[in-house]
Amino acid sequence: MRAFLSAASVLFSVLLAVALVKAQTKIVLTNDDGWAVANIRAQNSALIAAGFNVVLSAPAENESGTGSDDEPATTVGANGCEFQSCPAGAPPTGNNASDTRLNYVNSFPVTSVRFGIQTVAPLFFDGDGPDFVVSGPNVGTNLGGTTGPTGSGTVGAACEAAKEGVPSVAFSGSGGSQVSFTTLSTSSASTTTADVFGALGVRFVEALLASSASPILPAGVTLNVNYRAASGSCTSASAFDFVFTRVTTATKSTPADVNTCGTTRLPTEANVVNNMPGCLASVSVMNATTKADVDASTQEFVLNRIGSSFFTCV
């Protein structure tokens, strides 16, 4: 009986320590689909429910496809924020009156995430910046060439965070809809997608941040994560497997990737998400400036940080 109590005490101590680490992990959440879209609000709720300390700073309206564009925020126009989530003529930046951790920026994703890092985060994190930035989950995948300079704003925001010195990840998923967060109380395909992607985001962030070792990621890189559609047999986060990938197709002259799964050539994220069977999610390590693949040693750092057992070989 005494041994049982001792084991239970140890388990309780471990769980308490994990809970405290999560509560101390400060996250800025952003995207390019807008601050009131269902996907980002489901991700926000999932991260908070998992115990993370989260603030949201995202565009006032849908800014998909704006890449790394960046301009000062301006007064909200005649149509108001997306889904009428703020009125016409609202200030360039603002928040939800009932939850001031939810913030909009009437500009691009890059501008929004910088506002979150530099202005919003210190208000809620005792004067500190965030430990980590989560961008997304985007409505639709961002694979290979779609992450370029004029491509995904979700990826652009994650890259901007890395350039600001904050480790980051961009989440994107096939399917889903550009619908209001108010639809999350209904039973629909878009709600299932938002909830599954939110749970997958938590699963990945927990794996990446499980170790207290520093740094979380090498300087100047971000992670690009893409999910298969949350449909058919893939309607629960537990059904998904993560695959370590590269952004673009290698050529004959491309240097070797990290040695894993018995090969020194990683599959491309597009091939994994679009063509391979199963409920799969790709994880690529991306240079935050060029949005291209990184060298094998940088890939290896991330693989070791998360643990090779987290990934599935394909």
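The mean positions of the 14 positive and 22 negative charges of the protein chain lie 9 Å apart, where Lys and Arg count as positive, Asp and Glu count as negative, and His and the chain ends are not counted. The place of a charge is taken as NZ of Lys, CZ of Arg, CG of Asp or CD of Glu. This is a predicted model, in which local features need pLDDT of at least 70 and side-chain atom pairs count only at pLDDT 80 or more, while totals for chains, interfaces and linings use all residues. Residues are numbered from 1 along each chain as its sequence is written, and side-chain values use heavy atoms, with hydrogens and water left out.

**The chain as a whole**

- The protein chain holds 7 helices and 9 strands, which are DSSP runs numbered from the N terminus (helices are H or I, at least four residues; strands are E, at least two).
- Among contacts (heavy atoms within 4.5 Å) between residues at least 6 apart in sequence, 75% join residues at least 24 apart.

**Helix α4**

- Helix α4, which spans residues 153–163, is mostly covered, since 10 of its 11 residues are buried; among them are Gly153, Val155, Cys159 and Glu160.
- The elements that cover the buried residues of α4 include the helix α3 (109–124) and the strands β1 (26–30), β5 (132–139) and β9 (280–287).
- After α4 comes glycine 165, whose phi is positive, near 90°.

**Serine 107**

- Serine 107 sits in the loop between β4 (99–105) and α3, and serine 107 is buried, with a relative accessible area of 6%.
- The side chains of serine 107 and threonine 111 are joined by a polar contact of 3.1 Å, that is, a pair of N or O atoms within 3.5 Å, of which, within protein, one must be able to donate a hydrogen and the other to accept it, and residues adjacent in sequence count only if both atoms are side-chain atoms.
- Leaving aside neighbours within four places in sequence, serine 107 is in contact with residues including Pro59, Glu63 and Ser112.

Terms used. Buried < 20%, exposed > 50% of the residue type's maximum accessible area, 1.4 Å probe, protein only.
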